[in-house]
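I opened my notebook to look at rings, a greasy surface and a pocket. Here is what I looked up, entry by entry.

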Amino acid sequence: YQFADFQRRSLLVWLFVAFAAVVIALGGWRGTAALGGLVASIAVLLIFVLPAILDGRSPVLVAVFGSAAIAFLALYAAHGFTRMTTVALIGTLAALTLTAVLSGVVVGFASFTGFTSDEASLLTLFEGIDVRGLLLAGIVLGAAGAIDDVTVTQASAVWELKAASPSLQVTELFRRGLRVGRDHIASTVNTLLLAYAGASLPLLVLFVLSEQSLGTVANSEVMAVEIVRTLVGSIGLVAAVPFTTWLAAVTAHSRPPAANRN
């Protein structure tokens, strides 16, 4: 006999069932649609993103197109084929493009190699895998979920403002929607930081035990990568707010109040 690992599959299945039940109980049909979008997102990762990277495609381009496909499926599945959803999708695509370009520039100037983990080092045993490109792709994919959240919130807020006050003009819609966006950004940026810090907690503990200076710790590639992930992702996140809010204000103002959700 040989011990491989503990059996956890039944626990994972029941946990997912509990998660789905909570989402459906609170969200109803909208929650069911959101779960369908989640399944579609996993399918895009497994069927398109990972095979394309293994085929030697550019990980950054694959991540951008994969994130765009995920955003398309998830947004329209959860929110329907409406003008509001289209506005959120356009804002998401613009922010993803900015994040990809900015991450490429920053990673280039930072001289990252991409070898920040044992898994990345093992990939050198396989031909045709761009480890540095995987780093860039990870930054884009990591920011995609938060960007979706922000763009939908901004578009929805502007639509509701227009429905509540049909007389509001584009400038006033933009100004009020941006006020909502500032509050949302303040919490979302912190969410990104805590997500990356939580994933790297054992590493942070090791750095504290090493008793090195803060500058030395931040300069190491393994830590600098996480800092870049947080800051570049946050810049893309923040940029999505004014653009999506402006686009939503223009689009909502061009439609009669009764048809604002269509």
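Entry 1: I began with Phe 16, which is partly exposed because its relative accessible area is 43%, and partly exposed means between 20% (buried is under that) and 50% (exposed is over that), with a 1.4 Å probe and protein chains only. Phe 19 is partly exposed as well, with a relative accessible area of 40%. Both lie in helix H1 (residues 9-54), three residues apart, about one turn of the helix. Helices here are DSSP runs of H or I with at least four residues, numbered from the N terminus.

**A note on the model.** This is a predicted model, where local features need pLDDT of at least 70 and side-chain atom pairs count only at pLDDT 80 or more, while totals for chains, interfaces and linings use all residues. Residues are numbered from 1 along each chain as its sequence is written, and side-chain values use heavy atoms, with hydrogens and water left out.

**Entry 2: counting ring pairs.** How many aromatic pairs are there? I used this rule: rings of Phe, Tyr and Trp (its six-membered ring) pair if their centres lie within 6.5 Å, and planes under 30 degrees apart are stacked, over 60 edge-to-face and the rest tilted. The count comes to four aromatic pairs. Phe 3 and Phe 6 are edge-to-face, because their ring centres are 5.4 Å apart and their planes stand at 75°. Phe 3 and Phe 6 are both exposed. Phe 16 and Phe 19 are a tilted pair, because their centres are 6.1 Å apart and their planes are at 50°. I also noted one aromatic cluster, formed by Phe 72, Tyr 76 and Phe 81.

**Entry 3: the nonpolar patch.** Phe 16 and Phe 19 turned up again, among the residues that make a nonpolar surface patch of about 810 Å². Patch residues have over 30% relative accessible area and no salt bridge, and nonpolar side chains (Val, Leu, Ile, Met, Phe, Trp, Tyr) are joined within 5 Å. A salt bridge puts a side-chain nitrogen of Lys or Arg within 4 Å of a carboxyl oxygen of Asp or Glu. The areas come from the Shrake-Rupley method with a 1.4 Å probe. H1 gives the most to this patch, with eight residues. Leu 141 is also in the patch, and I found Leu 141 in helix H5 (residues 131-164).

**Entry 4: the largest pocket.** Its volume is about 420 Å³. Of the 18 lining residues, those closest to the centre include Leu 123, Gly 138 and Arg 229. A pocket is an open set of points on a 1 Å grid where a 1.4 Å probe fits, with protein on both sides within 12 Å along at least five of seven lines; lining residues have an atom within 4 Å of a point.

How values were computed. Helices (H or I, at least four residues) and strands (E, at least two) are DSSP runs, numbered from the N terminus. Patches are made of residues with over 30% relative accessible area and no salt bridge: like charges are joined within 9 Å, nonpolar side chains (Val, Leu, Ile, Met, Phe, Trp, Tyr) within 5 Å. Grid points are joined across faces, edges and corners, and a volume is the space filled by probe spheres set on the points.
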